[in-house]
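Please look at the sequence and the three-dimensional structure shown here before reading on.

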Amino acid sequence: MATATVAPRRPGNPNFGKRKSEDQKLSEDLNKQYIFQLLKEHHRSKPITSKFGEAGGEIESPYQPYYGAVNSGLAWDPEYVPKGKTTKGGTRRWRFLYGYPSIWVDEQVDPEPSKEDLISDRNDLKFRNGVLRVFGHEQTKLQALMLNDAFSGCVRKLKNIPAEYQLLDQDKIDKEVLEAIDDAFEAEKAAREATIEEMYAVGMFFGLDMTKSDDAIRKQFIVKARTNPSLFNREFLNPKNKYKYFFKIAVDDNYISGTMVPGKLQLVEANTPILDLKTEDVAEECAMLAMGNDSKALALYDKLVKKYRGE
Amino acid sequence: MATPSTIPASFSAPQITRYGLINSLNVINVTAFGEIVQKFGFVPYMGLNELAGNEEKSDNKQVRWYEEHGRAMSFVTAAGAVSGAAGAPITVHVGAGNYWASGTLSMPSNGMLFRNAQTGSIGQVSNVNRTVPNDHTFTLTPTTTAQSVSVSAGDELLSLGFFQVGGASDVTETQIPTIDRYSNYNTELRWDTTLEDLAMMEKVEFACNGSHTFFTFQQQKDELRQYLQREYNLMNSTQSNNLSYGTSTNESGMDGVLAQVAANGQSLNYSQFGTQTVMAQVDRMLSAVGAPGEYDVLAAKLPFQDIQNSIANEINNGAIIYAEGTPQADGYDIKANFKSITMYNRKLNLTNYQIFDEQFMFGASGTGTQSNLSLWVPRGKTTGLGQNEKTQVVVPRMCMTYQQVAGTNKWHMWQSGGYAETPNGTIANASYHNIAYFGVKLYGAIQYLTTFRQ
């Protein structure tokens, strides 16, 4: 559940943030809807729904259309004191029986349930198209669904069966969706506004074809941002890409070389060694050294930046 | 005395050697295997369907079929709660799962009347707005001033069609029925047996079925084994995308009956079977999808016993004596083996289907998931589109599909090796190969049901 945030009071404003009475809160909880959803999706086995006579179409709902959860069984009751024991906690028979205030069978005695009570359709726990909605006032139904061994959030399972359904936290879902939308917006904004240098540096990470025109690279760059916004945002801010980019263009430019003297990075024109190399991937190794605050690598990087930016 | 064990029932080796020959002959048959049909009354349900002609040769690996989607009358759900005063219009957002064509189309249309299934209130639609995909809105106005059309999230709004549309009514939008295109695949099942020459030399030590040769016996056993595996796989197979053939998404495999029911049918879990509780619930679920009046219940042993016990206990408190002999003879033979039960106008044919029974089939502990499973298969034929007997399409409830790859047979068998009937190798052995390509179509999968004792 989301925690309500209260706006700071300003003088003269009515107090909208005033604490609600217990009664008010209770009635809000009772009207709240809890959404349970099946976990198993069947994308590959679903039919394609289409208009008459037209090809194509789409899968309507990935869930099984009708699913009935078990409505009685054994469950762990942490508050229950079994006969002959003094400590709390024990297994207890439960049964969802519409109209009874308790789900525990030993408490469903007043009145003794009739056969009609037992076979009533109101005791069904039925998911339609993967979803079952329960109001807060249906307390025993909620309890029956939440102590069920097939519930993903069941606190203490008594049976080794896979979880079949979960409780959706609408506030959490909304927050996640909002974050995803923000991510997508940030990524696309960054991709559109990036300088050419930033675009080349990050584009190299995504393996874009750098032989194309800047507009073509920008187009691909934006597509990458849209495809995986969170990865894009992470890599856009990753300094390693910037380091690697400058080392790479210097190698391509034959300003520095890792092959002139094996195991050494040399300044080509001056033919002087800068640092020792362990691998053949000069740009990657130098970028890693720069990330690790290696003074020689950083000094070279500063030099390259000045050279290629024309500073 | 050593404790007899049922495992392993077989092992993998490149070929049958002398030792393997004795094993393969299975001289004394103590398991369910071998005489499964004669001895244990096993019902090969898929095999029977095949015998009944519910099969079709398929040219392609993928098989397709089309079914009408939904009902003649339809509904949409409300996405969120909206409250409105008596007589006042409200704006309703169409809930998820009620869209198609990438969220651009939904059912509500100007002039249409909706009855809220949960509240009973009736309202008329206007101002339909389909500009935002997957978030269509419409105005719902109560048809009477004293009524409110408030909705809660998930309320089902049943379309009454273009009803009470008014004086000089304008043309309404076309309502296009939808159809579902189902697909499945044929997949391969193979069994090979290779005998090395020493094993073939020693075969003469064993008399198999009188004058029958070992080869006949071996072939019969291989065929039965494969027949059982086909039965099992037609029920249990699932589409795959993680096998090593080709790319990871290339191999499709097939969806067996259970996978199709799990995706497009119904399932019900119970902890204790009750003739009047679980069966009543089953009956309600089946009625909701227009199910036929007769079902075959294929139950593993445990649920089968549950059902039998429940009928014996709940119907007339088990006080009925089921006579098999005559009263004149020495009393009664009590028989409490219920072959079928008719309740709520629906006949259920009860079968112990051992394929689901992990104890029976595999000699496993019997505590696995399928030991608690029952599959409820609708009986009879179903009719498709068409106006009369000539144009109507009548199909069985399930249909086995098969391919004949490279012009072979449905079950293709051949020999190879130096000792094959037509020798084609340099090694002194003989190999026997069985291969088949099968799939299954379920028509009206939504009317199939699985029950699971949890």
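A residue is called buried if 20 or more other C-beta atoms lie within 10 Å of its own, exposed if 12 or fewer do, and partly exposed in between, with C-beta atoms placed from the backbone. Helices (H or I, at least four residues) and strands (E, at least two) are DSSP runs, numbered from the N terminus. The structure is a predicted model, in which local features need pLDDT of at least 70 and side-chain atom pairs count only at pLDDT 80 or more, while totals for chains, interfaces and linings use all residues. Residues are numbered from 1 along each chain as its sequence is written, and chains are lettered from A and ligands numbered from 1 in the order in which they are written.

Two strands pair if DSSP finds at least two bridges between them. Within chain A, β3(A) is joined by four bridges to strand β6 (residues 125–128), and the two run antiparallel. In that pairing A:Y66 stands opposite A:R128.

Two residues are in contact if their C-beta atoms, placed from the backbone, lie within 7 Å. The contact takes 34 residues from chain A and 35 residues from chain B. On the side of chain B that touches chain A, at least two residues each come from β9 (178–185), α6 (257–264), β11 (266–270) and α7 (278–287) of chain B. By class, this side of chain B has 17 polar, 14 nonpolar and four charged residues. In this classification Ala, Val, Leu, Ile, Met, Phe, Trp, Tyr, Cys and Pro count as nonpolar, Asp, Glu, Lys and Arg as charged, and the others, Gly among them, as polar.

How do two helices of chain A pack? Helix α5 (residues 196–205) and helix α6 (residues 214–227) of chain A pack at an angle of about 60°, and their axes are 11 Å apart. Such axes are lines fitted to C-alpha atoms, for helices over the stretch in contact, and angles run from 0 to 180 degrees between N-to-C directions. The helices α5(A) and α6(A) are therefore oblique to each other; angles under 35 degrees count as roughly parallel, over 145 as roughly antiparallel, 65 to 115 as roughly perpendicular and the rest as oblique. In this pair, A:I196, A:M199 and A:G203 of α5(A) meet A:D214, A:I217, A:R218 and A:F221 of α6(A). The residues of this contact divide into four nonpolar, one polar and two charged. In α5(A), the residues A:M199, A:Y200, A:A201, A:V202 and A:G203 are buried. The buried residues of α5(A) pack against α6, α7 (229–237) and α8 (239–252) of chain A. Just after α5(A), A:G207 takes a positive phi of about 70°.

Chain A also contains an open sheet of three strands in the order β9-β10-β11, with antiparallel pairing. Its edges are β9 (256–257) and β11 (272–276) of chain A, each with a single partner strand, so one side of each is left without a neighbour in the sheet. Two bridges join β9(A) to β10(A), and A:S257 stands opposite A:Q266. These two strands form a hairpin with six residues between them, and A:G263 in the turn has a positive phi of about 85°. Strand β10 (residues 264–267) of chain A is joined to β11(A) by four bridges, with A:L267 opposite A:T272. The hairpin of β10(A) and β11(A) has four residues between the strands, and A:N271 takes a positive phi near 50°.

Chain B has nine helices and 21 strands, and 31% of its 454 residues count as buried. Six of its strands form an open sheet in the order β3-β8-β5-β6-β7-β4, with antiparallel pairing. The twist averages 40° from one strand to the next. Within this sheet, β6 (residues 122–129) and β7 (residues 137–142) of chain B pair in the antiparallel sense over five bridges, and B:N129 has B:T137 as its bridge partner.
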